[in-house]
Amino acid sequence: MENQKNFYEKLNEKVESKGFAFTVLVTVAILIGTLVELPPFFLTKQVEPIESVKPYNALELAGRDVYQKEGCFNCHTQMIRPFKWETDRFDPNKAYGPDPYSKAGEYVYDHPFLWGSKRTGPDLAHEASIRPSAAWHKKHLINPRETSPGSIMPAYPWLFENELDIEQTKANMRALRALGVPYTDEDIAAADKLLKGKTEGDAVIAYLLKLGRDTMVQEEE
Amino acid sequence: MEVNYDNQIVRWYVKSAILWGVVAMLIGIWIAFEMVFPVLNFNSPYLSFGRLRPIHTNGIIFGFTLSIVFATVFYAVPRLFKTPMWSPLLSRLQFWLYNLTIVLAAVTLALGYTQSKEYAELEWPLDILVVIWWVIFAVNFFMTMAKRQEKHIYVAVWFFIATIVTIAVLYIVNNIALPSGLLKSYSVYSGVTDANIQWWYGHNAVAFVLTTPILGMMYYYLPKHTNLPIFSHRLSILHFWSLIFIYIWAGPHHLLYSPVPEWAQTLGMVFSLALIAPSWGGMLNGFLTLSQAKEKVRTDATLKFMLVALTFYGMSTLEGPIMSIRAVNSLSHNTDWTIGHVHGGALGWVAGMAIAAIYYLVPRLWNAKLYSEKLAETHFWIATLGILLYYVSMWASGITEGLMWRAYDASGMLQYPNWIEIVQNLTPFRFVRAIGGTLFLTGFCIMIYNVYKTIQNKGSGFVPTDLREGA
C-alpha cells in the first residue's frame, strides 16, 4: 500500500529482522528513564533527616509486622499531603507545628514504606497524636462498630488471642540492623521483656501509638 | 514446510486463564460486598479485606492476565516465526512452575505472608520461583526467535520482547529484600526511596503486564480475526518505541504531593501527559484496522469485545494522564476514582482483549465450531453493562469522597469532620460497583459454559466463517 517508506520505517527496518539488536534497543529504551529516576536516590541526598525520629522498638516493630500481615495498608494511608483540608483533619490537636504534613525524614526507618494508595479509612501517619488511647484502640480493633457505629472496617478479635514470636522479632531486628537501622544489642535484647506475654493486638496498638510520636512539637514549659 | 505447532500448551494456558479469572473475580466481588456489608469479613483472618485484596489483584494480574498472555505467546509466536517453540519441555516446566507459584501465592497471602508492596506482595521464596520461570520463558522465547524460519519480526512480537525484558528488570530491582525468616523479609530500600522504586515498578507492572502484551495480543488477533492488515505499519513503529520509552518514567505520578522529591514528581507528571500520544497511537491503529470491518462488528461478539477493549484502552490512557496532573490528583488520589480507573483498564481493556482471545482460540485449539454465537453475544452485553456500572459508580464515589474530604463550612471548619459520615455516603455507589462486578463475572461464566460445550464437540471441525453472511 505504501510504496514510499518514510524515515522511521527505514530506520526500523534495520532491526526488524534482527532479533538480538531489537532486544538490545528495547533494553536501552526502558533503561534511560530508569537510570534517570532511580540512582539519584542513592547517589545524592534526597532526604532531610529529622533528629527526633527514632527506630521502632521491639514491640512497635512486631506491631508493624502485624500491620503488614493483616494488610492494613490496603485501606489506611500513612502520608499526609500538604493541603489545609488534610492537615486540619489529620492534625486536629495542632501537634505538629506550622506545616504538619508528612516529611521524608519521618520514614527513614520504614522498610518497606507503608504509605498505601487508598484511604478507605482515615490516614494513620500521625495517629499517636490523633488518638492516644490504647484502650480505645483495643475496643476498636475487637469491634470497630462499637466505638465507631457505621464503620466498614473488619473486626480483628484474633489479634488479642495470638501471641508474639520473640525469636522472630529478634531476627527481624537483626535483619533491619543489617539494612542500616541503628539497633543496639540492648535494643534487640529488650524484645524479651517488651514482648513477653503480649499479643499481636498489643503490638499493633504500640505501633499505632508510635506513628507520628517522634515529630510532635514539644509543649514549651 | 509443514510446521508442527504445540497446541497442547496453549490449551492448558487457556484453561488456567479461565480458572484464575473466575477465582480472582470471585474474590474481587466478595471484597466489594465487604465494603458494603462488613459482616462478610466473618471476623476471620482468612476472609478479612486486608488479606483478600492482594489475592484479588495478584490473581487478576499474574493469574488471569499472564495466563492468557502466555497462551497467546505460545500460540502466536511459533506461527509468526514459522517455527515451533524451541523446547516443549521448557514450555511445560514453565507452565507447572508458574501455576504452582499462583497457588502458593494465594495460600501465603491468605496466611498473611506479604512484603506489603502493591503487586509485589509475594515473599522472597516465591519471588525466586517467579524469576526461575520467567528466565525459563525468556530462554525458550529467545531461542525460538534465534531459530526462526521467518526473518521478519512482526509487531506483536515487539511487544512481547518489551514485556519479557522489562518485567525482568522491574521485578528483580523492586523485590530486593533481606530475609529474616523462611517467609519474612524487609525491603532493602526505606521511606521515600522505597516509595519511588515501588511505584516505578507498580506503574510499569501496569505498562508491561497489562498494556504491552495486551497490545501484542491486539496486533495478532485483530488482523487474524478480520483478515485485514494492520492499518499503519508506520504508526506501529512510532507508537511502539515511544510507548516503551515514555512509560518507564511515569511512576512518580503515584506520589504527587508526597515527600518524594519535587523533581521526580514533575518528571512523573510530564511523562504521564506525554503518554497520551503513544497510547492513542496504538488505540487508533486498532480502531482504524477495525473500521475496515465495520459491518462485521455488528454480528461478531469477538470483534465487539475487541472494540470495547480498544475503547476502554483509549479512555483509561486519557484518564490516567489527566489524573497525573497535580490539581486533578489532589482530588482523585487515595479515592475510589483510582479504583474505577484501574478497572476501566482491567475489565474493559485487559479482560476485553483476553475474552476476545479466548473466543478466538478455543474453536481453533479444540477444532470445533463455537457452541453458541448467541451466548457470546449475551456475554458481551452483560459484561459491558457490568463495566459501565463499575466505572460510573466509582467515578461518582471517588469524586464524592474527594470533595467531602476537602469541604469547608461557612465558619471555616471542615464540613465533614466525621470520617464515618463520608464512608456512609459512599455505600450506595459501592453497592452498585459490586453489582457491576457480579454482572461481569456472570458474563464470564456464560463464556465458560460456551467454552465447555464447544470442547465437548472437540474434533468436529472448525471452519472460520464470516459472520456477515451467516445467521
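This is a predicted model: local features need pLDDT of at least 70, side-chain atom pairs count only at pLDDT 80 or more; totals for chains, interfaces and linings use all residues.
The predictor gives the complex an ipTM of 0.95 and a pTM of 0.96. For chain B, the average pLDDT is 96, and 99% of its residues score at least 70.

On the chain A side, 86 residues take part in the contact, and chain B contributes 98 residues. Together the two chains bury about 7800 Å². Carbon and sulfur atoms account for 65% of that buried area.

Polar and charged pairs also link the chains. There are 36 residue pairs in polar contact between chain A and chain B, counting pairs with both residues at pLDDT 80 or more. The number of salt bridges between the two chains is five. One of them joins B:Arg234 to A:Glu9, where the closest N and O atoms lie 3.0 Å apart.

Several helices of chain A each supply at least two residues to the side that touches chain B. They are listed below with their residue ranges.

| Helix of chain A | Residues |
|---|---|
| H1 | 7-16 |
| H2 | 19-37 |
| H3 | 40-43 |
| H4 | 58-69 |
| H5 | 84-90 |
| H9 | 166-178 |

Which helix gives the most to the side of chain A that touches chain B? The answer is H2(A), with 14 residues.

Sorted by class, the side of chain A that touches chain B is made up of 44 nonpolar, 25 polar and 17 charged residues.

How values were computed. Residues are numbered from 1 along each chain as its sequence is written. Chains are lettered from A and ligands numbered from 1 in the order in which they are written. Side-chain values use heavy atoms; hydrogens and water are left out. pLDDT is the predictor's confidence in each residue, from 0 to 100. Contact means heavy atoms within 4.5 Å. Buried area is the accessible area (1.4 Å probe) that two parts lose on being put together, summed over both. A salt bridge is a side-chain nitrogen of Lys or Arg within 4 Å of a carboxyl oxygen of Asp or Glu. A polar contact is a pair of N or O atoms within 3.5 Å; within protein, one must be able to donate a hydrogen and the other to accept it, and residues adjacent in sequence count only if both atoms are side-chain atoms. Helices (H or I, at least four residues) and strands (E, at least two) are DSSP runs, numbered from the N terminus. Ala, Val, Leu, Ile, Met, Phe, Trp, Tyr, Cys and Pro count as nonpolar, Asp, Glu, Lys and Arg as charged, and the others, Gly among them, as polar.
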